[in-house]
Amino acid sequence: MRFLTAGESHGPALTVIVDGLPAGVAVDRAALDADLKRRQGGYGRGGRMKIESDQVEVLSGVRHGKTLGSPVSLVIRNRDHENWRDVMSPDPQPPEAKKRRALKHPRPGHADLSGALKYLTDDLRDVLERASARETTARVAAGGLAKALLAAAGVQVRSHVLRIGRAAVGAEPATWDALAAVEESPVRCVDAQAAAAMIAEIDAAKKAGDSVGGVFEVIAREVPPGLGSFAHWDRRLDGRLAQALMSIQAVKAVSLGAGFRGGDTPGSAFHDEILFDDERGLHRPSNRAGGLEGGVTNGEELRAQAVVKPIPTLLIGLRSIDLRTKEPQTASVERSDTCVVPAAGVVGEAMVAWVLADAMLEKFGGDSLTEMLEHLEATRRLWREFLSRRPRPA
Ligand SMILES: Cc1cc2nc3c(=O)[nH]c(=O)nc-3n(C[C@H](O)[C@H](O)[C@H](O)COP(=O)(O)O)c2cc1C
């Protein structure tokens with residue numbers, strides 16, 4: 001599977017083409033829109049999200065609620081484009097239009113300066129329009145299709161917030177059931193006390209004209225074992241998940257399971273022992289590996305965390321320069337959020353779902369969902385036989 005997104009932040013729309021989905025995957029537009037809405041929400045978002053009300057239009061690849069096996073193309077319109085028609089016009093415009101929203105003072109932490117040097121432009125709008133995380137709208141839509149494929153195989157993906165600034169949940173991993181109520185929390189956090197502290201962190205940052213980052217976790221349940229491969233570096237699923245999560249704007253670190261704790265924990269307290277009894281069959285008393293060993297899923301819950309940096313557009317304005325005169329200047333300010341960690345978690349779900357759906361198709365394959373599910377069921381039968389096999393007593 002692959003997907004390709006296009007579109008600028010204030011252009012007419014974001015678009016995405018998803019190729020390689022089998023035929024027969026149920027496409028529920030309400031579910032796709034619900035994910036888009038979750039991406040727009042979360043305490044700490046700014047004015048832009050009040051203007052937009054993201055909805056998916058399906059242009060191809062879906063008929064009567066099911067994928068056809070042909071490329072699926074989706075469009076999400078930018079309502080705000082109305083106010084930017086001349087600035088974002090594909091046609092030549094009088095100089096006033098270009099000047100009206102030109103940005104000349106690169107914002108530290110944004111792609112502004114690196115993009116200006118890459119494309120040799122001193123109007124940073126040429127860069128930021130595509131570098132903007134508005135692009136994640138298209139990713140969430142593509143991820144929604146991946147989630148639909150996974151759901152047919154019984155795999156579910158959820159996310160929640162572990163930390164915002166100095167406020168964090170306790171060390172005990174959140175249970176799957178606790179995640180069911182996460183959307184009721186304004187910061188998408190399972191712990192009400194920690195959530196209140198997170199909100200206070202965001203309020204304090206906003207008041208100071210500053211921003212605040214944090215950590216989210218994505219959890220996937222009922223992931224079949226055997227996805228990915230240890231045979232090649234680029235087939236390892238841990239590496240593929242890390243790349244997908246790291247590619248989200250503002251994500252600066254990714255870990256799997258107990259991840260960073262591996263650096264200061266002895267092996268005996270880190271690895272998950274392997275147990276078997278007649279009642280429970282194969283089981284593990286802990287899941288510090290986060291569902292992957294050797295780059296291959298092991299049948300446990302998949303748990304991946306990502307660190308989101310404090311977003312770089314700051315009302316207080318960091319030191320920068322005017323790219324034309326090279327004189328010192330305060331960095332430009334574009335309408336902005338204060339904290340995007342809850343929303344980034346929703347994007348994280350989409351990226352994890354995408355990688356898992358891709359790996360499912362690799363292992364279980366098929367042009368239609370029916371074929372994939374039959375193959376999965378047959379493999380599940382083989383696993384059961386494999387695990388019930390024991391040598392006969394002599
Ligand atoms: C959902 C989401 C929304 C974001 N919104 C903003 C924003 O309003 N203002 C801002 O400065 N950065 C925002 N960012 C972060 C920037 O897009 C990102 O830091 C920037 O593109 C540079 O990329 P990098 O941080 O990966 O190096 C957002 C990120 C995400 C995931």
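The largest pocket in this structure holds about 1000 Å³ of space. Keep in mind, as you explore, that this is a predicted model.

**The largest pocket**

- The lining is made of 35 residues, and those nearest the centre are Ala171, Pro173, Glu217, Arg303 and Gln305.
- Four elements, β7 (156-164), β9 (214-221), β10 (251-256) and β15 (302-308), each give two or more residues to this lining.
- Strand β15 provides the largest share, with four residues.
- Sorted by class, the lining of the largest pocket has 15 nonpolar, ten polar and ten charged residues.

**The second largest pocket**

- Here the volume is about 890 Å³.
- This second largest pocket is lined by 40 residues, and His110, Ala131, Ser132, Ala133 and Arg134 are the closest to its centre.
- At least two lining residues come from each of α2 (48-51), α5 (125-131), β10 and α10 (341-364).
- Its lining divides into 16 nonpolar, twelve polar and twelve charged residues.

- Ile274, Phe276, Leu282, Phe386 and Leu387 make a nonpolar surface patch of about 510 Å².
- One of these residues, Phe386, sits in helix α11 (residues 369-388).
- Phe386 counts as exposed because its relative accessible area is 54%, and the cut-off for exposed is over 50%.

**Salt bridges**

- The whole structure contains 29 salt bridges.
- Glu362 and Arg235 form another salt bridge, their closest N and O atoms being 2.5 Å apart.
- Because Glu362 lies in helix α10 and Arg235 in the loop between β9 and α8 (237-246), this pair ties together parts that are 127 residues apart in sequence.
- Glu362 is partly exposed, with a relative accessible area of 41%, and Arg235 is partly exposed at 32%.
- Salt bridges with shared partners also link Asp35, Arg38, Lys147, Glu183, Arg188 and Glu349 into one network.
- The side chains of Glu82 and Arg85 form a salt bridge as well, at 3.1 Å from N to O.
- Arg85 is partly exposed, with a relative accessible area of 49%.

Notes
Residues numbered from 1 in each chain as written. Predicted model: local features only at pLDDT ≥ 70, side-chain atom pairs only at ≥ 80, totals over all residues. Heavy atoms only, no water. 1 Å grid on protein atoms, 1.4 Å probe; cavity = no way out; pocket = protein on both sides within 12 Å on 5 of 7 lines; lining within 4 Å. Points joined across faces, edges and corners; volume = space filled by probe spheres on them. Nonpolar A, V, L, I, M, F, W, Y, C, P; charged D, E, K, R; others polar. Patch = residues over 30% accessible without salt bridge, like charges linked within 9 Å, V, L, I, M, F, W, Y side chains within 5 Å. Areas by Shrake-Rupley, 256 points an atom, 1.4 Å probe, with all protein chains shown as cover. Salt bridge = Lys/Arg side-chain N within 4 Å of Asp/Glu carboxyl O. Buried < 20%, exposed > 50% of the residue type's maximum accessible area, 1.4 Å probe, protein only.
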